[in-house]
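This briefing walks through one protein structure topic by topic. Please keep the sequence and the 3D view at hand while reading.

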Amino acid sequence: MTIEQKIINALKDIGLPVVPEPYTGDALEYLTFSYDLFGSLFAEGKPGTILYDISLHHYAPFNSNPGATRIKICTALSAAGFAWPSITNASDNEGQHWVFEFPGRE
């Protein structure tokens, strides 16, 4: 299973669209994600493990209260084997934007 599939599977029951960036749909509330990857545990010049720095973005309109959704996201990620994420409020004049950051591994 790819890291993309693992993220999507973990969040499919949240009830929001979940896609790699960029989101091109018309939902007002949705999740996108991106990641950086790097090798670890090198031997003979090759990585023994691939690690990921994952950023999940939750976009919502100003008039919504996504607090319960944030907890559902964290719980779903943890249940799928990811670390509990840190959450940063990156909202701007366009709407609410919550950034969840967490590591992953392949």
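**Charges and overall layout**

The protein carries 6 positive and 12 negative side chains, and 11 Å separates the centres of the two sets. The model is a predicted one. Its elements comprise two helices and five strands, and from the N terminus their order is α-β-β-β-α-β-β.

**Size, surface and packing**

- The C-alpha trace of the protein spans about 55 × 25 × 25 Å along its principal axes.
- The protein has 106 residues, of which 36% count as buried.
- Among contacts with a separation of 6 or more, 52% are made by residues 24 or more positions apart.

**The nonpolar core**

- The largest nonpolar core holds 20 residues, and the members that touch the most others are Leu11, Leu56, Ile73, Leu77 and Phe82.
- Two or more residues of this core come from each of α1 (3-11), β2 (30-43), β3, α2 (67-79) and β5 (96-105).
- Leaving out residues up to four places away in sequence, Ile73 touches Leu11, Ile14, Leu31, Leu56, His58 and Phe100.

**His58 in strand β3**

- Strand β3 covers residues 46-60 and includes His58.
- Is His58 buried or exposed? His58 counts as buried because its relative accessibility is 0%, and the cut-off for buried is under 20%.
- The side chain of His58 forms a polar contact of 2.8 Å with the side chain of Glu29.
- Beyond its neighbours within four places in sequence, His58 is in contact with a list of residues that includes Leu16, Tyr30, Leu31, Pro66 and Thr69.
- Also among the contacts of His58 are Arg70, Ile73, Gln96, His97, Trp98 and Phe100.

**His57 in strand β3**

- His57 also lies in strand β3.
- His57 counts as buried because its relative accessibility is 11%, which is under the 20% cut-off.
- Which side chains make polar contacts with the side chain of His57? One is that of Glu21, at 3.2 Å, and another is that of His97, at 2.8 Å.
- Setting aside neighbours within four places in sequence, the residues in contact with His57 are Glu21, Tyr30, Leu31, Thr32, Ser34, His97, Trp98 and Val99.

**Backbone details**

- The peptide bond from Glu21 to Pro22 is cis, and its omega is near -5°.
- Pro22 is placed in the loop between β1 (18-20) and β2.
- Leu41, a residue of strand β2, has a phi near 55°, which is a positive value in a residue other than glycine.
- Leu41 counts as exposed because its relative accessible area is 61%, and exposed requires over 50%.
- Glu44 is located in the loop between β2 and β3.
- The phi of Glu44 is near 55°, a positive value in a residue other than glycine.
- Glu44 is exposed because its relative accessible area is 82%, and the cut-off is over 50%.

- Asp36 is part of strand β2.
- Asp36 is exposed because its relative accessible area is 54%, and that value is over 50%.
- Apart from residues up to four places away in sequence, Asp36 touches Leu51, Tyr52 and Asp53.
- Asp36 and Ile3 are 33 residues apart along the chain, and their C-alpha atoms are separated by 11 Å.
- Where is Glu94 placed? Glu94 is in the loop between β4 (86-89) and β5.
- Glu94 is exposed because its relative accessible area is 70%, a value over 50%.
- The C-alpha atoms of Glu94 and Tyr35 are separated by 23 Å, and these two residues are 59 residues apart along the chain.

Note on methods. Residues numbered from 1 in each chain as written. Predicted model: local features only at pLDDT ≥ 70, side-chain atom pairs only at ≥ 80, totals over all residues. Heavy atoms only, no water. Helix = DSSP H or I, 4+ residues; strand = E, 2+ residues; numbered from the N terminus. Buried < 20%, exposed > 50% of the residue type's maximum accessible area, 1.4 Å probe, protein only. Polar contact = N/O pair within 3.5 Å; in protein donor to acceptor, adjacent residues only side chain to side chain. Contact = heavy atoms within 4.5 Å. Lys, Arg positive; Asp, Glu negative; His and termini not counted. Charge placed at Lys NZ, Arg CZ, Asp CG, Glu CD. Core = buried A, V, L, I, M, F, W, Y, C linked by side-chain atoms within 4.5 Å.
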